[in-house]
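Here are my notes for someone opening this model for the first time. Have a look at the structure, then work through the points below.

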Amino acid sequence: MKPLVVIGFLGSTLDAAKFGPSRWNKWRPSLSIAMQEDLRIDRFVLLHGKLHSRLADQIAEDIESVSPETTVDQKFLEFDDPWEFEEVYGKLLDFARDYPFDPDKEDYLIHITTGTHVAQICLFLLTEARYLPGRLLQTQPGGSVKGNVLGRVSMIDLDLSRYDSIASRFSIQTAEDSSFLKSGIETKNHAFNTLIDEIEQVAGRSKAPILLTGPTGAGKSQLARRIYELKKLKHQVSGRFVEVNCATLRGDSAMSALFGHTKGAFTGAASERAGLLRTADNGMLFLDEIGELGADEQAMILRAIEEKRFLPVGADSEVESDFQLIAGTNKDLSEAVSNGLFRDDLLARLNLWTFALPGLAERKEDIEPNLDYELDRYAEREGSRVTFNKEARDRYLNYATSSLAKWPGNFRDLAASVTRMATLSPEGRIDRSTADMEIGKLNRLWDNGAIADADGLAKLLDYETLNALDPFDRVQLNEVIRVCGESKNMSEAGRTLFASSRKRRKSSNDADRLKKYLARFDLNWQLVSK
């Protein structure tokens, strides 16, 4: 076995004891290492300042008395301020660079129980970075041998499983934070999940403004609130979440709403108003549709972001508010800057962290988990649980994930759609007829010209098949189905459909012709004649 070397600070309090036999009745961490029966220490590098030289001599003598094979190597390490992180880290780094480490010939244990908390942290960081090429050693009181306090020791190899378990727990917590931002929805879209992971990192480490872009209804407002709730859970904000849609702020009232006003500042100002920025002090301000702000409001918002100060309407002195800002927009702010509608310096301030949320139509694989989420929200809101039967669920999802589903309102469209179906299912079960009725409504709302008769073809064909039809075939098939629905039997329908061509044929079997035509679309008389 290679010689084993311990490197650690002298514990000016923990290692101290009155000289005499009674000192053996106290647990002293540096001494306890040398007393371990299953740990042979060949050299103990004891770091201390000159002020504690006498205590260091005593500990060295005691170590050699209980472990004669251990050589104590005392090293002076002086700090002007042992609680000043930069100084402690710098001097320990110099020590690590100068010490003649030889990992091929010696093993090293870095004792982190003694020394100031700053010194312990620095030893950990230097070991993790491999400037100190060893394992961490921890000691704690407990256990005894022949009446002498022995204590316990444990070692952590930062390259092995003990440290991996710490890293794993950190990864799990990061994943939980990302899930929190997604409201617990098990999203499958890779680009969206990557986006949320990045937002989680930024939200946890930065106080800089965040800009959320994306179409209306893509979830900017909900995501902003979840970012706030996550930061509050981590004690990074203590104030309120204040949300305002800038499109609703118009004229003189915009300044007053945002920045507040003094009593008598203008006609009708009967009392002082704090304003939204001050209300968000120590919290978070979400300015949705920030591109709708006027030029004056933009200028004051920029100063409030940068200096945390602004002037209320009618006031002679500025007020302060330390808020974190999230801005949302469905516009191209760069284009707005080019058109003179948005300040370039404000965009530059917002553009440090910009995240573009995709629309629902770009996240078709996430429609199913969001469908379940909306059903849960309906149950919480209305106090009534509603579910799909399998046929209705498959039919609705088949349509919702097809190219026919436009989702221009994104999650607002989906939420409204689920609410309609749930409300029209008083027995708590959404059936096929309810799903078909909702699909027809969505097609009419979205003006899907691709479907000549949504309530006809959409009930008979799956939506990928329907969308793959040429307009000619779609119109023709829709007419065939209409005639079949008005006919008593297949022969009558065939005579109506082939009224001209049957006269030119020597023998006609109109029913067979109709049967073969329907079979091209996996249809039959029983389906189309209902």
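Before we start, a word on element names: helices (H or I, at least four residues) and strands (E, at least two) are DSSP runs, numbered from the N terminus. This is a predicted model, so local features need pLDDT of at least 70 and side-chain atom pairs count only at pLDDT 80 or more, while totals for chains, interfaces and linings use all residues. Residues are numbered from 1 along each chain as its sequence is written, and side-chain values use heavy atoms, with hydrogens and water left out.

1. Start with histidine 235, in the loop between α7 and β10 (241-245). Its phi is near 60°, a positive value in a residue other than glycine. Most residues other than glycine have a negative phi. Is histidine 235 buried or exposed? With 71% relative accessibility, histidine 235 counts as exposed (over 50%; buried is under 20% relative accessible area and partly exposed is in between, using a 1.4 Å probe and protein chains only).

2. Arginine 130 also deserves a look: phi is positive there, about 70°, although arginine 130 is not a glycine. You'll find arginine 130 in the loop between α4 and β5 (135-140). Its relative accessibility is 41%, so arginine 130 counts as partly exposed.

3. Now the open spaces. A pocket is an open set of points on a 1 Å grid over the protein atoms alone, with protein on both sides within 12 Å along at least five of seven lines; a cavity is a set where a 1.4 Å probe fits but cannot get out, and lining residues have an atom within 4 Å of a point. Grid points are joined across faces, edges and corners, and a volume is the space filled by probe spheres set on the points.

4. The largest pocket holds about 550 Å³ of space. Its lining has 28 residues, with Ala218, Gly219, Lys220, Gln222 and Phe411 nearest the centre. Two or more lining residues come from each of α6 (190-205), α7 (220-233), α13 (367-382) and α15 (411-423). By class, the lining of the largest pocket has ten nonpolar, ten polar and eight charged residues. (Ala, Val, Leu, Ile, Met, Phe, Trp, Tyr, Cys and Pro count as nonpolar, Asp, Glu, Lys and Arg as charged, and the others, Gly among them, as polar.)

5. What is the volume of the second largest pocket? It is about 470 Å³. This pocket is lined by 23 residues, and Leu10, Ser12, His52, Pro82 and Thr116 lie nearest its centre. The elements giving two or more residues to this lining are β2 (43-48) and α4 (117-128), with α4 supplying the largest share, three residues. The lining of the second largest pocket divides into ten nonpolar, twelve polar and one charged.

6. There are two cavities of 30 Å³ or more. The second largest cavity has about 30 Å³ of space, and among the residues that line it are Ser206, Ile227, Met284 and Leu325. Both α7 and β14 (324-329) give two or more residues to this lining, and β14 gives the most, with three. Six of the lining residues of the second largest cavity are nonpolar, two polar and two charged.

7. Turn to helix α3 (residues 85-98). Its 14 residues should span 20 Å at 1.5 Å a residue, and its end C-alpha atoms are 20 Å apart, which agrees (the expected span is 1.5 Å times one less than the number of residues). The buried residues of α3 are Glu87, Val88, Leu92, Leu93, Phe95 and Ala96. They pack against β1 (4-9), β2 and α4. At the start of α3, a side-chain oxygen of glutamate 84 comes within 3.3 Å of the backbone nitrogen of glutamate 86.

8. Which strand holds isoleucine 430? That would be β17 (residues 429-430). Isoleucine 430 is buried, at 0% relative accessible area. Threonine 387 is 43 residues away along the chain, yet the two C-alpha atoms are separated by 6.0 Å. Beyond neighbours within four places in sequence, isoleucine 430 has contacts including Leu375, Phe388, Met421 and Ala435 (contact means heavy atoms within 4.5 Å).

9. Finally, α16 (residues 432-445): its buried residues include Ala435, Ile439 and Leu442. Aspartate 447 follows α16, with a positive phi near 55°.

Terms used: Polar contact = N/O pair within 3.5 Å; in protein donor to acceptor, adjacent residues only side chain to side chain.
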